[in-house]
Amino acid sequence: MANLKEIRNRISSVSSTMQITSAMKMVSAAKLKKAQDAITAMRPYADKLTELLQSLSATLDADSGSKFSTQRDVKKVLIVAITSNRGLAGAFNSNIIKEVSRLATENYANQEVSYIAIGKKANDAFKKTNKVIANHSGVFDDLTFDNVATIAQDLMDRFVAGEFDKIEIVYNKFKNAATQIVMTEQFLPIVPVEGAVVNNADYIFEPGKAQIVEQLIPKSLKTQLYKGIRDSFASEHGARMTAMHKATDNATELRDQLKLTYNKARQAAITNEILEIVGGAEALNN
């Protein structure tokens, strides 16, 4: 009977876990809808802003380059790792950590690499290297453009001051609830896109192309970082919903197996008791 009691305890434990994972799945599904709507609505604006900036930049003289497009010998690299503050999201965080580690050890093996963590999991992974210069995990508590713009402005200031020669951001791009794509984007310096379409229409620019580009670049960079964080935020909830769905299915399957094992053990115990009673009765008759 001790074995039966152990199985009952396991059934109870698995059932409790199943209820927790099911609840987490529903919470993530509710949050995913809002996050997905936000990134879906933002992408057309971000893409159009980038297109406009590329079109204007392509018509400028080479000597009119922005301070954000200055190419320098790459000696110091800053990688912005965007993860989540919580786990239980499958390979969502580990994929980012692996990609950032790969960049540091392969692409920039001969450069001095530092990190900025956006998300507690990234900070926990890289703080032991003593190269995390900032941790912005609190941005997810109030994810607004203004809060992200402050981080982007800090990155721009560090680049212009020569503190870093290259800045890259690594994040999960949201495709759907079950699929997240690890993206690595160069944040600074700005690299002209080859094959950019130049609009040759005869427009009158006020105050001028150079001034407009100079104002658009900071806004475009802030939008790029905000889009990356928004993508990561939506991907997090999609990954967690998928992971909790699988965990719930696995818990259900395990519970059913345990119930079957319990019923078989209980039936065997009852059969043994009957055999003992019958055997005892026959012994008395003899």
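## A buried aspartate and its partner

At 10% relative accessibility, D165 counts as buried. Here buried means under 20% relative accessible area, exposed over 50%, and partly exposed in between (1.4 Å probe, protein chains only). The model is predicted: local features need pLDDT of at least 70, side-chain atom pairs count only at pLDDT 80 or more, and totals for chains, interfaces and linings use all residues. Residues are numbered from 1 along each chain as its sequence is written, and side-chain values use heavy atoms, with hydrogens and water left out.

D165 and R72 join their side chains in a salt bridge, at 3.2 Å from N to O. R72 sits in the loop between α1 (2-57) and β1, and D165 in the loop between α4 and β4, so the pair ties together parts that are 93 residues apart in sequence. A salt bridge puts a side-chain nitrogen of Lys or Arg within 4 Å of a carboxyl oxygen of Asp or Glu. Helices (H or I, at least four residues) and strands (E, at least two) are DSSP runs, numbered from the N terminus. R72 is partly exposed, with 27% relative accessibility.

## The sheet

Five strands make up an open sheet. Their order is β3-β2-β1-β4-β5, and the pairing is mixed. β3 (132-135) and β5 (179-188) are the edge strands, each pairing on one side only. Neighbouring strands are turned by 20 degrees against each other on average, direction ignored. Two strands pair if DSSP finds at least two bridges between them.

β1 is mostly covered, with six of its seven residues buried. Seven bridges join β1 to β2, and these strands run parallel. L78 has S114 in β2 as its bridge partner. From β1 the chain passes through helix α2 (residues 92-107) to β2, in a right-handed β-α-β crossover. Right-handed means that, with the strands pointing away from the viewer, the path from the first strand over the helix to the second runs clockwise.

β1 also runs parallel to β4, joined by five bridges. There I79 has E168 in β4 as its bridge partner. Y115 stands opposite V132 in β3.

## Helices on the sheet

Helix α4 (residues 145-160) lies across β1 (76-82), β2, β3, β4 (166-176) and β5. It runs at about 40 degrees to β5. Helix α5 (residues 209-285) packs on the sheet too, touching β1, β2, β4 and β5. The direction of α5 makes about 45 degrees with that of β4. Axes are lines fitted to C-alpha atoms, for helices over the stretch in contact; angles run from 0 to 180 degrees between N-to-C directions. Contact means heavy atoms within 4.5 Å.

## T83 in the β1-α2 loop

T83 lies in the loop between β1 and α2. T83 is buried, with a relative accessible area of 0%. Leaving aside neighbours within four places in sequence, T83 is in contact with F92, N93, I96, I118, G119, K120, K121, A122, F140 and S232. A polar atom of the T83 side chain lies 3.0 Å from the backbone nitrogen of A122.

## Salt bridges within helices

The structure holds eleven salt bridges. One of them joins E99 and R102, whose closest N and O atoms are 2.9 Å apart. Both residues lie in helix α2, three residues apart, about one turn of the helix. E99 is buried at a relative accessible area of 17%, whereas R102 is partly exposed at 30%. E99, R102 and E106 are linked in a network of salt bridges.

R158 and D154 form a salt bridge in which N and O are 3.0 Å apart. Both lie in helix α4, four residues apart, about one turn of the helix. R158 is buried at 18% relative accessibility, whereas D154 is partly exposed at 25%. Beyond residues up to four places away in sequence, R158 touches I133, E163 and F164. R158 and L78 are 80 residues apart in sequence and 9.7 Å apart in space, C-alpha to C-alpha.

Notes: A polar contact is a pair of N or O atoms within 3.5 Å; within protein, one must be able to donate a hydrogen and the other to accept it, and residues adjacent in sequence count only if both atoms are side-chain atoms.
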